[in-house]
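Visitor: I would like a brisk walk through this model, one question at a time. Please show it first.

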Amino acid sequence: MSYISRRLAPVTVIILMGVGATACQQQSVAQVEPGAATVLTGLRIIDGTGGAPVEQGTIVIRDGRVVAVGVLSDDQIPAGATTIDLAGKTVMPGMIDAHGHVRAENDQMPVREDLLRRLRVLADYGVTTVVSLGQLANGETLELAKLRDEQDSIGDLDRARIYTSGPSIQGQKSAAEARESVAQRVSMNADRIKFHMADGGNREMSADTYGAIIDEAHKGGYRTYAHIFSVNEADEVLDAGIDVIAHSIRDQDVGQALIDKIQARDVAYIPTLTRDLSVFIYEGTPAFLEDPFFLRGVSLYHEEIPTLTSPEHQQEIREDEDAQAIKPALEQANRNLKILSDAGITIAMGTDVGGGGGRWQGYFEHVELEMMVEAGLTPMQALVAATGAAARVSGLDHLGTIAPGRVADLLVLDANPLDDILNTREIHSVWIAGRRIGADDTN
Ligand SMILES: [Zn+2]
């Protein structure tokens, strides 16, 4: 594959900013200046909406955004554009992890550097956006919010986009405390709110308390996520007005009454199957630690491997009742994912990566997709969960699908993931805001 090398022309933001998607598409025909556009051709396009893939498709990108997509006629290709032949490849939107974590965990390096290297590993795996639902420290939250505020204006962004809830709210004793805790996160510049229904299995917040969290968050226009485990907890947060259920329901089959409640307010459901896998899988040494695709992230992952593979740690997991209890809980999670998906509930891909030992940022998003398909979703349903649906659930309307006006964050694959979901691992290239990352200084 040879790439025609040419720098993007100086950004002409004014033309595109402030106009709607349709206007962008129309302008792409007549007003694109020579050299200002990048055109990707010959692609199978999975656009992230769930619609049938386009064969032999073309994507026109300008100023980091898609301006036209589909089987385009010659007059839709701007004269003088940089054309890149990607015949035989499949493109999908860059993945969005709707429930991950990005935390500074290495005290040997500056916070910002630690956060950035994690975001770069995510991007290298084709995860171009991560919603971090739970920080450990306030300084970390402030730094992530800074990175978020910078990302839309960086022309050569080389890492995943980040959004953050700040620290998850846990164990508040009163509605007043709950409201204050929301205000603290807003003052840290968080962009959404997350809370735990239970704190370590007990000290559950009262309905008044978590209700106050949701109410206070909604007053400020913030989407609110709940960490839950059971049908009852899900039922309670639904009554209180939750927007997103951030983990699987893992104690019993979801019944029709709960499905109706979820549907009535179009609440989204994030399974985080790999989170549960990570709780018990290190009772032994999982084979994937040798997987070349896992090793792609080893520059980051190596710090955790010695602990996870030590005989002492493995024995601890084997003897830990809570860890062992997650095995049947994961089976239940798989069943409920299929039930909810079949019922038409919006499913978003989320993993809890970075939220504990052995939850690999980058690698586990691909494993999550594999597990979703094993649970009974079609590859297309899993891909939508990781792209268009994840964007919608996360309130990120500029991301998640390949459509005029959307940011051109793309994952180009050597094989078709609709044939086999494992083909999301056949990464040809990752593009952020219309630029291929990791490729010298072109495109
Ligand atoms: Zn989490």
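Visitor: Which residue of E4 stands opposite Leu-40?

Guide: This is a predicted model, where local features need pLDDT of at least 70, side-chain atom pairs count only at pLDDT 80 or more, and totals for chains, interfaces and linings use all residues. Residues are numbered from 1 along each chain as its sequence is written, and side-chain values use heavy atoms, with hydrogens and water left out. E1 (residues 37-45) pairs with E4 (residues 82-85) in the parallel sense over four bridges; strands pair if DSSP finds at least two bridges between them, and strands (E, at least two residues) and helices (H or I, at least four) are DSSP runs numbered from the N terminus. The residue opposite Leu-40 is Ile-84.

Visitor: Which residue of E2 is the bridge partner of Thr-38?

Guide: E2 covers residues 54-62. Six bridges join E1 to E2, and the two run antiparallel. The partner of Thr-38 is Ile-61.

Visitor: And in E5, which residue is the bridge partner of Arg-44?

Guide: E5 spans residues 90-93 and runs parallel to E1. Two bridges join them. Arg-44 has as its partner Thr-90.

Visitor: How many residues of E1 are buried?

Guide: Buried means under 20% relative accessible area, exposed over 50%, and partly exposed in between (1.4 Å probe, protein chains only). E1 is mostly covered. The count of buried residues, out of nine, is eight.

Visitor: Which residues coordinate the zinc ion?

Guide: Donors are N, O and S atoms within 2.8 Å of the metal (3.2 Å for Na, K and Ca); water is not among the atoms, so sites may look incomplete. Here the distances are 2.0 to 2.1 Å, and the spacing along the chain is H-x1-H-x250-D. Both His-99 and His-101 are buried. The coordinating residues are His-99 (NE2), His-101 (NE2) and Asp-352 (OD).

Visitor: Are H9 and H14 roughly parallel or roughly antiparallel?

Guide: Axes are lines fitted to C-alpha atoms, for helices over the stretch in contact (heavy atoms within 4.5 Å), and angles run from 0 to 180 degrees between N-to-C directions. Helix H9 (residues 273-280) and helix H14 (residues 321-342) pack at about 160°, with axes 8 Å apart. Angles under 35 degrees count as roughly parallel, over 145 as roughly antiparallel, 65 to 115 as roughly perpendicular and the rest as oblique. H9 and H14 are therefore roughly antiparallel.

Visitor: Is Asp-114 buried or exposed?

Guide: Asp-114 lies in helix H3 (residues 111-124). Beyond four places in sequence, Asp-114 touches Arg-103, Ala-104, Glu-105, Asn-106 and Met-109. Because its relative accessibility is 0%, Asp-114 counts as buried.
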